[in-house]
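Here's a quick briefing for anyone opening this entry for the first time. Have a look at the picture, then read on.

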Amino acid sequence: MANPLVNWFHERLPLADVDLRELTNEPVPNHLKRWWFALGGTPAYLFVVQALTGVMLAVYYQPSAQTAYESVRYITEEAAYGWYLRSLHKWGATFMVAAVILHQMRVYFTGAYRKPREINWLVGMTILTCTLMLGFTGYCLVYEQLSYWGAAVGANIAGSVPVVGDFTKQLLLGGEDYNERTLPRFYVIHAAALPIALALLVAIHIAVVRLQGVTETTFKDDAKRESKTFNFFPDHLMTEVMIGLVLMVILTALASIVPATLGPPADPLTTPEVIKPEWFFYVAFRWLKLFSAQAAILSMGFIVFTMFAWPWIDAWIRRRTRFSEASVWIGIAGVLAIIALTVWEAVVAH
Amino acid sequence: MSLEQKRWIIAALGFLFLLSLVYVQRLEVARKHEEAGLAAHAVAVPANSKACVDCHRQNTPGIVDHWRGSRHARAGVGCVECHQAAADDVDAFTHEGVLIATVVTPRDCSRCHLVEAQEFQASHHAAAGNILASLDNFLAETVEGGPPAFDPHSPTPGKAVDAVNGHASAFVGCQQCHGSKVAFLATDGGRVSVDELEPDAAGKPTNLAAVGRILKDQNGKPLFHSGTWPNTGIGRLNLDGSRGSCSACHSRHDFSPRRARQPENCGKCHLGPDHPQKEIYEESKHGVAYRDLRDAMNLEAKEWVLGVDYTQAPTCATCHMSGHRKNDGKVTHDPGIRISWTNRPPVSLVMDTDVNGRIVTAADPEERARLVVSTAEEKRERMKQVCSHCHTPSYVNAFYQQYDELVILYNEKFGKPGQAIVGALTENGLLTPTQFDEEIEWTWFYLWHHEGRRARHGASMMAPDYTHWHGMFEVAERFYVQLVPQAREILAEAAEHGRGAAARAAGAVLDEILARPEHAWFVEGAEDKTEAIRKAMEERYGQ
């Protein structure tokens, strides 16, 4: 017997139960029961955390050179729970970058980018780029001494890129140099343009996954199972929720034990003795220090292009050579290089 | 490659990535804490100072900790850079295989801070050691003390006292601010100082006989005269011929600019009954604002430029030394270049200075024009630039008018007359040539050296209570109730003892002064004014 309330909704939303079940309850392969296959959902969850905390921070944040630092100080020192929200946002950003990278690593090593999923690899790479850009522009908004100079250096690096460099720098700064239009520009990019782009990309990413289905990967113990699949709802969703709750506990603990700090305010007249970007740019920063600016930027451009184009490059290698597992060894070398360059930049003063 | 193998590769790389992330985050958090001022900056000990730091961390951890918190440490300047010595330096000795010297002089600091050292050498601060030939030093060494060593007159239970150091007050008092003449003990029982060593322009001793007389311990380390070292007096007379001590303001071993910017730093010496600049500042609106707003004054800033890094309140450093927006942030280490009066002597002098920085006292306008290379007005304009960050020109000019008028009032009514009265008594033989052996000499000293300075300094820095109650009120009381009666007593006694001519000559000076209109109330009475005040009080308070 139909519930009157359900009937009420059915009359207004002509959606059959069976359609709803199909939409939310797609069978997913058994390998997804492993937690490290839930790393795709983790960045999405962290994106929601970032969006919620970001909206609350935006209530107080004032994006101008005259007011930005003071408003961040107010958030950190005076606003009720401001320190907590800012710290969650800061650590959430770190976790989100890490989760996207880990997800990307898992996809890479399991070959989940191969035909017919090349387009979703491109979408994923764009999501990684957007996430890093969010991190960069977010740190610039603090307008403390290091974030100011980090932004100036970042813009100069962007400006050194051949052909599009000047345009990119102009786009970022709103002029030749850091000026009064720069901070509002970073704010709009950070709080509107990139989140909207990221939300659309995530939607496309998930839609493509649903259209193509999750890459089926059968481990030894999966073969023993009676069914090849299990339900997304509630089984896999519960795994994601559990990871989300554990992440929330860890984020809260980090926010409480190591809250976000605030350095001295930006001083455009005084260059700090040491300029360092956020940790996720350490690898690029160290790379820049190893070579001449032009060589470093061109080689980085080449590496980024290779990463985007990897599904086709990998296919070509597999088709034309005997090294069918070349991608694994290249991947291992790449990850070790990223780790080494990041740690190197972290441990040295200059 | 099997899926299981890939699984382990992902697990291993993922774990390594997370591990590196934890490590990088730990470093990043530490770095951000340093940047936010919540932790000391990480310091890489320079290789040539590693042995010093390792040993002194155990023996004198305070020195090492202070140094670790310094900009020197962050810039890679270690122990050796400052304490290194050359073989021909008079104070060089080998310590743990390294040739070093104990005392770091402005000449040593000038190896890196040349401009600052040159400005300082030209300043009145660097000349503070001149007190060794002044009335103040006579007070400390003779009046308060005695011969360099004299016998105690009775035992001190629990302490074997063989001799009394008659200069102890000078060593521990005057010279800890003004600076000592640093000296070694000599093999003949005397001292060897810059006077005997006669250093050349490079600071190397030219009198090798004096060098040979320096007493050393069994390790070859020269032994300092304990009265002259330790000393951080600002006008210290160093063995290499340089004057001063940078650590007077930039306390070793952290040399904190933050501390040098705070009035408490200057207050080590600029306080007390004779020149209470610190207390005067605290009473002023400037000091009140500083106490309230110091946390917002960005005292850690690298340059600390008024109008750029802060505007909340000025400190001593702000007005007298620091850079500001209107002079492109140029700091000076000569605090005299913004001062237009000197209120140190009995009668205040206008700070027109000659090529050597000395005040030109000549009265003849042509001679003044020939000698003066830096006028008081130029100095005042520099100070007005500082004032103008918060005050309008008319406000600043009116303040300076108030200040000038108070100084001139003191000079004309009490300073010059007091000097003339005591001078007349001295010139006519009515006082002994010895200072401070007669009451009127103490009276006069109190009048100009303590109360007169308090009044003038109070006016210079907007402290009304010091200008009036601690200043002019006490000056007036000292003048009318002590100096004049004591002078009259001396004159009467002289006349009584057959020295009428001298008494008349000195008395004429006193009479001429008291006949002036500003002293008429004292001689002729001021009944009309007293009556007017009595009536006003009755109207106001009913009594």
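Angles under 35 degrees count as roughly parallel, over 145 as roughly antiparallel, 65 to 115 as roughly perpendicular and the rest as oblique. This is a predicted model, where local features need pLDDT of at least 70 and side-chain atom pairs count only at pLDDT 80 or more, while totals for chains, interfaces and linings use all residues. Residues are numbered from 1 along each chain as its sequence is written, and chains are lettered from A and ligands numbered from 1 in the order in which they are written.

**A helix pair in chain A**
- Helices α7 (residues 145-159) and α8 (residues 165-173) of chain A pack at about 150°, with axes 7 Å apart; axes are lines fitted to C-alpha atoms, for helices over the stretch in contact, and angles run from 0 to 180 degrees between N-to-C directions.
- That's why α7(A) and α8(A) come out as roughly antiparallel to each other.
- From α7(A), the contact uses A:A155, A:A158 and A:G159, while α8(A) brings residues including A:L172 and A:L173; two residues are in contact if their C-beta atoms, placed from the backbone, lie within 7 Å.
- By class, this contact has four nonpolar, three polar and two charged residues (Ala, Val, Leu, Ile, Met, Phe, Trp, Tyr, Cys and Pro are nonpolar, Asp, Glu, Lys and Arg charged, and the others, Gly among them, polar).

**The two chains, one by one**
- Chain A has 14 helices and two strands, and chain B has 24 helices and six strands; helices (H or I, at least four residues) and strands (E, at least two) are DSSP runs, numbered from the N terminus.
- Of chain A's 350 residues, 36% are buried, and for chain B's 543 residues the figure is 34% (buried: 20 or more other C-beta atoms within 10 Å of the residue's own, with C-beta atoms placed from the backbone).

**Where the chains meet**
- Chain A puts 31 residues into the contact and chain B puts in 28 residues.
- On the chain A side, α5 (82-109) and α14 (326-347) each supply at least two residues.
- The largest share of that side, eight residues, comes from α14(A).
- By class, the chain A side has 20 nonpolar, seven polar and four charged residues.

**A kinked helix in chain B**
- Helix α21(B) has a kink of about 35°, centred on B:F479; the bend at a residue is the angle between axes fitted to the seven residues ending there and the seven starting there.
- Just after α21(B), B:G498 has a positive phi of about 80°.

Conventions
Buried ≥ 20, exposed ≤ 12 C-beta atoms within 10 Å, placed from the backbone.
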